[in-house]
Amino acid sequence: EDWYKELSPRERAQAWFVPLGDGPEAPALRVPRAFEIGALFAAAPESMAHAWHEASPETAEEYFGAVFEGGAEAADNALETLTPELFPVPLSWYVEKERNRTFFWDRPIVSRANERKPSGEQFTAYTSTIAIKLGELTDWSPQKIDHFAASFFGGVGTDAMRVFGRGEEGESLAGDELADLPVVGRLFKRGGKSSPFPESVNTLYDLRNQAKVRAASTRREETDQEERARKVLDDAASMVTALRSAQASVETVKEERALRAETVRIAQQALELVDSEDITIRDVRQMDGLRKRLQRQAKRKAGASKR
């Protein structure tokens, strides 16, 4: 299913997900897999079946990379993910903080949409209210403050940080999900079926960065198709970044998921155009028009909120 494809390879490798409903906002039960048995007899066969179904070898490489930490990109943290914790917590926390990446989840601590913001404003609707308030007082990143609590105190630290709720208003998202239930909430995937780090969005950013590097080359001239693809990817990435930034100010789970679904739709649309390898000038203009329309809508909303 589409929602399952948007989960990261690591999430798919570590657990089974059972949807508890048909709608896009339905919760999903998270059933962890035993590492050794799950990797050999569940994740690996699943990855091969998925690659066969999609006729895409790259998908199999993603799965095997998530399960066995293969590949050059994961080599520097393979020891941390495949073996028991060998480093003291303070050292692990410091390295993760400096690299802006968690070893266990293999994802950024500060999301890409927040990287360009001032440290004290780096939070989302899921960041604890306590961390946001501390960020205002200290100009530290609220997302990194939550990461500090989780690193040193585990699930207890995360729950303690969320005693006063999440988001700027404190109660904006609290209690709206099965994942918010005490103790048993750990059995459910936060965000329901939707992934907080959709694969299509990550792929969009990666391809955009690759296109920029290619365009900056002084030895190889960019082709017309590559230039059009770069413009499409750049416009789409700008829209996705704007939408993900807007997620930090929503007041309900429904609004947050609606914005997330829109980011996935835009990312998928751009990726389909790039995969077609037949991008026309009209396609570039349509994507640019969509970006400008989104910018106008954002300005109107900002003006209305000020009034």
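Arg230 is partly exposed in this predicted model, with a relative accessible area of 23%, and its side chain meets that of Glu222 in a salt bridge with an N to O distance of 2.8 Å. Glu222, by contrast, counts as buried, because its relative accessibility of 18% falls under the 20% cut-off.

**Salt bridges**

- Salt bridges that share partners join Asp235, Asp288, Arg291 and Lys292 into one network, and a search of the whole structure finds eleven salt bridges.
- Asp234 forms a salt bridge with Arg208, in which the closest N and O atoms are 3.4 Å apart; this pair links distant parts of the chain, since Asp234 belongs to helix H11 (residues 224–246) and Arg208 to helix H10 (residues 199–215), 26 residues apart.
- Asp234 also forms a salt bridge with Lys212, with 3.9 Å between the closest N and O atoms, and because Asp234 lies in helix H11 and Lys212 in helix H10, the pair ties together parts that are 22 residues apart in sequence.
- Asp234 counts as partly exposed at 29% relative accessibility, as does Lys212 at 40%, whereas Arg208 counts as buried at 13%.

**A buried charge without a salt bridge**

- Glu96, which lies in helix H7, is buried yet has no salt bridge, and the nearest side chain of opposite charge, that of Arg99, is 7.9 Å away.
- Leaving aside neighbours within four places in sequence, Glu96 is in contact with Arg101, Thr102, Phe103, Phe104, Ile109, His147 and Ser151.

**Packing of helices H8 and H9**

- Helix H8 (residues 129–138) and helix H9 (residues 142–161) pack at an angle of about 145 degrees, their axes being 10 Å apart, and the crossing of H8 and H9 is right-handed.
- On the H8 side the contact involves Ile130, Ala131, Ile132, Leu134 and Gly135, which meet Pro142, Ile145, Asp146, Ala160 and Met161 in H9; the residues of this contact divide into eight nonpolar, one polar and one charged.

**Positive phi in loop residues**

- Asp139, in the loop between H8 and H9, has a phi near 65 degrees, a positive value in a residue other than glycine, and Asp139 is partly exposed, with a relative accessible area of 48%.
- Asn100, in the loop between helix H7 (89–99) and strand S3 (101–102), likewise has a positive phi, near 55 degrees, but Asn100 is buried, with a relative accessible area of 15%.

Terms used: Residues numbered from 1 in each chain as written. Predicted model: local features only at pLDDT ≥ 70, side-chain atom pairs only at ≥ 80, totals over all residues. Heavy atoms only, no water. Axes fitted to C-alpha atoms, helices over the stretch in contact; angles between N-to-C directions. Helix = DSSP H or I, 4+ residues; strand = E, 2+ residues; numbered from the N terminus. Left-handed = near helix turned anticlockwise from the far one by under 90°. Contact = heavy atoms within 4.5 Å. Nonpolar A, V, L, I, M, F, W, Y, C, P; charged D, E, K, R; others polar. Buried < 20%, exposed > 50% of the residue type's maximum accessible area, 1.4 Å probe, protein only. Lys, Arg positive; Asp, Glu negative; His and termini not counted. Salt bridge = Lys/Arg side-chain N within 4 Å of Asp/Glu carboxyl O.
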